[in-house]
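I opened this entry to keep track of what I looked up. The sequence and structure come first.

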Amino acid sequence: MTAGAEIANLHKSYGLRGRAVPVLTGLDFVQRDGITVVLGPSGCGKTTLLRIVAGMEAPDDGVVRVRGDGRTGMVFQEPRLMPWLSAAQNVAFGQRRRRCESAGLLALVGLAGFEDALPHQLSGGMRHRVALARALANGPSLVLADEPFAALDQDTREDMQDLLLDVQRTTGMNVLLVTHSLDEALYLGDRIVVLDGGRIAADHSSPRNAGPRTREPDRRLAELIRATLQRKHS
Ligand SMILES: Nc1ncnc2c1ncn2[C@@H]1O[C@H](COP(=O)(O)OP(=O)(O)OP(=O)(O)O)[C@@H](O)[C@H]1O
Ligand SMILES: [Mg+2]
């Protein structure tokens with residue numbers, strides 16, 4: 001069964017000084033296979049949407065279902081590692097994993113030999129790799145990622161994007177990834193949905209897989225998405 005979010009007529013408001021401030025206002029979305037990127041400006045509700053899909057937040061109204069086998073991994077903007085646990089122990093945290101399995105996951109993200117390192121002994125990029133390995137620990141069919149690379153410098157960010165693409169291709173997992181970077185959306189997304197005004201304002205299939213992967217964005221698609229974002233904010 002294809003893993004992914006299935007959302008109909010999702011509403012979510014937050015209370016602010018006694019008033020309800022609407023964030024999601026009747027959002028409809030059905031995830032397909034591959035990497036789906038949710039793109040949108042700061043404050044448009046991307047994290048709220050992801051938290052609702054993850055079951056960390058309750059919707060006010062609407063239907064939110066996650067298809068698949070229930071094995072879901074999460075990656076956040078910050079690595080959120082336990083500082084007193086080693087890299088391998090962080091990967092295994094909350095799982096019935098043996099050390100050798102954690103080591104295998106660390107090797108998958110390029111951290112072979114760092115099993116015993118504590119988070120403070122790792123660079124920022126390496127800590128993000130541990131966080132990705134932890135998200136992969138239960139063999140997820142769906143990974144939810146909230147701006148997972150936003151805090152990284154450009155080179156590390158590009159390395160992590162390539163790593164995610166490799167892992168996704170190897171494992172076949174589906175990914176729902178939130179970002180406000182158009183370049184990141186164009187590079188990673190098989191599908192790019194623009195969230196604005198509490199709904200999906202645009203929905204594009206990306207030709208990312210049509211030819212050899214390149215960091216040269218598809219100009220026509222980039223213009224189309226830029227126009228959507230500007231139209232909403234002019
Ligand atoms: N727990 C909360 N209580 C009150 N308001 C909230 C809460 N969480 C989010 N909001 C409000 O909901 C709106 C959407 O927030 P959200 O974090 O989903 O945006 P975002 O698209 O992820 O933004 P960013 O790109 O800056 O991370 C914002 O106006 C925010 O202030
Ligand atoms: Mg956010």
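My notes follow, by topic.

I am working with a predicted model, in which local features need pLDDT of at least 70, side-chain atom pairs count only at pLDDT 80 or more, and totals for chains, interfaces and linings use all residues. Residues are numbered from 1 along each chain as its sequence is written, and chains are lettered from A and ligands numbered from 1 in the order in which they are written.

Neighbours of β7. I found 5 bridges from β3 (residues 35-39) to β7, running parallel. Another 5 bridges join β6 (residues 142-146) to β7, also parallel. V178 is the bridge partner of V38 and of D146.

Ligand 1. Which helix gives the most to the shell around ligand 1? I noted α1 (residues 46-53), with 3 residues. The shell divides into 3 nonpolar, 7 polar and 1 charged.

Positive phi. N9, not a glycine, has a phi of about 50° and lies in β1 (residues 4-16). R80, also not a glycine, has about 55° and lies in the loop between β5 and α2.

Technical notes:
Helices (H or I, at least four residues) and strands (E, at least two) are DSSP runs, numbered from the N terminus. Ala, Val, Leu, Ile, Met, Phe, Trp, Tyr, Cys and Pro count as nonpolar, Asp, Glu, Lys and Arg as charged, and the others, Gly among them, as polar. Two strands pair if DSSP finds at least two bridges between them.
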